Amino acid sequence: MANCHNLFQDYHSEISIGSKKNERMKNSKEGLRTRIRKWFKENQPEYIPYFYIQGSYKMKNGIRTSEDICDLDDGIYFFRAPDVTALTLKEWVRQAVDGYTITAAENRKKCVRTIFSNDYEIDHPVYCKEDGKEYQIAVKGVGFEDSDPKAMVNWFIGKKDKEGRLVRIVKYLKGWANQQSFKMPSGLALTILASNAKDQIVLNERDDITLRDIAKEIKNELNRAFKCIVPAVPNDDLLENYANKEKFLDALDKFIEDADAAIRGTNQKDASKQWRKHLGERFPLGEDKEERKSYGAAAAAAGAITSYPFGHE
């Protein structure tokens, strides 16, 4: 069968955040932190900001989109009871970062966004933490809501395998989502779905087979219940109000169908064309060569249908 594992390694390098962009993002993060500390010291000294990188950057599963955009979430924490509204607190942060870039800072629903045009974005979700209470995020138009992003990061770290397969699979799924013409589930939702699916299969040494197997398990789970529960406070369902359910499930079906065809084929170039239909032109074309079938290859092609979770007895 067509082995595209090496092509997926190249694809992973292509969609990952490069060292130069990563260095620019880190420098911008530090520059914004300095600016925020200074603003609060001069304007609201009773609010002392602390910082914690979170989200995909912290979990190391972020990607560059096809437009070469990526993001970094740098949470701002105030360890005190707020005596102003969530909107006011976020507006203070917006004022603090505004002017750092040419593009005006945005006060979005759950973060303040600083846009580095055609390069990357740095988001600042804003939290308050009182003794004996949960972390609370400031949400525009809502107020303060319980939310613990640190617990989410720790949960994902506990799911990771030492070979880095789960991290790569999440990035492949995000690359697939980036190619769709409709709004896909969030990157966090894809991360949770893939992590839960990983526990139900035996991870293959080949990324093409593991990606196909995890996609199948995601579909199986969504068929049982179309939901994605955050495994940390606030434990909400990320798919509860998702408007494109049928489009998403149809796209997932087609992805799995073509993944099966690619893995069962015998020509790497033909197989790569099947993957490119869903992952785009950043996925490399394979060699135009035939591969001989073997019993072991046929068994691997069957995938997770015949596999069991680690520790199964």
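**Figure 1. Accessible surface and overall dimensions of the predicted chain.** The accessible surface of this predicted model comes to about 15,300 Å², and carbon and sulfur atoms hold 46% of that area. Of the 313 residues, 51% are buried. Along the principal axes, the C-alpha atoms fill a box of roughly 70 × 40 × 35 Å. The radius of gyration is 21 Å, which agrees with the value near 20 Å that a compact globule of 313 residues would have.

**Figure 2. Helix H6, residues 165–178.** H6 has 14 residues, and at 1.5 Å a residue these should span 20 Å. Because 13 of the 14 residues are buried, H6 is largely enclosed by the rest of the structure.

**Figure 3. Pro231 and its contacts from elsewhere in the sequence.** Pro231 sits in the loop that runs between helix H8 (207–224) and helix H9 (245–264). With a relative accessible area of 28%, Pro231 is partly exposed. When neighbours within four places in sequence are set aside, Pro231 is in contact with Met152, Trp155 and Ile192. Asp148 is 83 residues from Pro231 along the chain, and the C-alpha atoms of the two are separated by 10.0 Å.

**Figure 4. Backbone geometry at Pro234 and Asn235.** Most residues other than glycine have a negative phi, and most peptide bonds are trans. The peptide bond from Val233 to Pro234 is cis, with omega near 20°. Pro234 lies in the loop between H8 and H9, and Asn235 is found in the loop between H8 and H9 as well. Asn235, although not a glycine, has a positive phi of about 55°. The relative accessible area of Asn235 is 43%, so this residue is partly exposed.

**Figure 5. Asn118 in the loop between strands S4 and S5.** Strand S4 covers residues 112–116 and strand S5 covers 120–124, with Asn118 in the loop between them. Asn118 is not a glycine, yet its phi is positive, at about 60°. Its relative accessible area is 68%, so Asn118 is exposed.

Key: Residues numbered from 1 in each chain as written. Predicted model: local features only at pLDDT ≥ 70, side-chain atom pairs only at ≥ 80, totals over all residues. Heavy atoms only, no water. Helix = DSSP H or I, 4+ residues; strand = E, 2+ residues; numbered from the N terminus. Expected span 1.5 Å × (residues − 1). Buried < 20%, exposed > 50% of the residue type's maximum accessible area, 1.4 Å probe, protein only. Contact = heavy atoms within 4.5 Å. Rg over C-alpha atoms; globule rule 2.2 N^0.38 Å. Areas by Shrake-Rupley, 256 points an atom, 1.4 Å probe, with all protein chains shown as cover.
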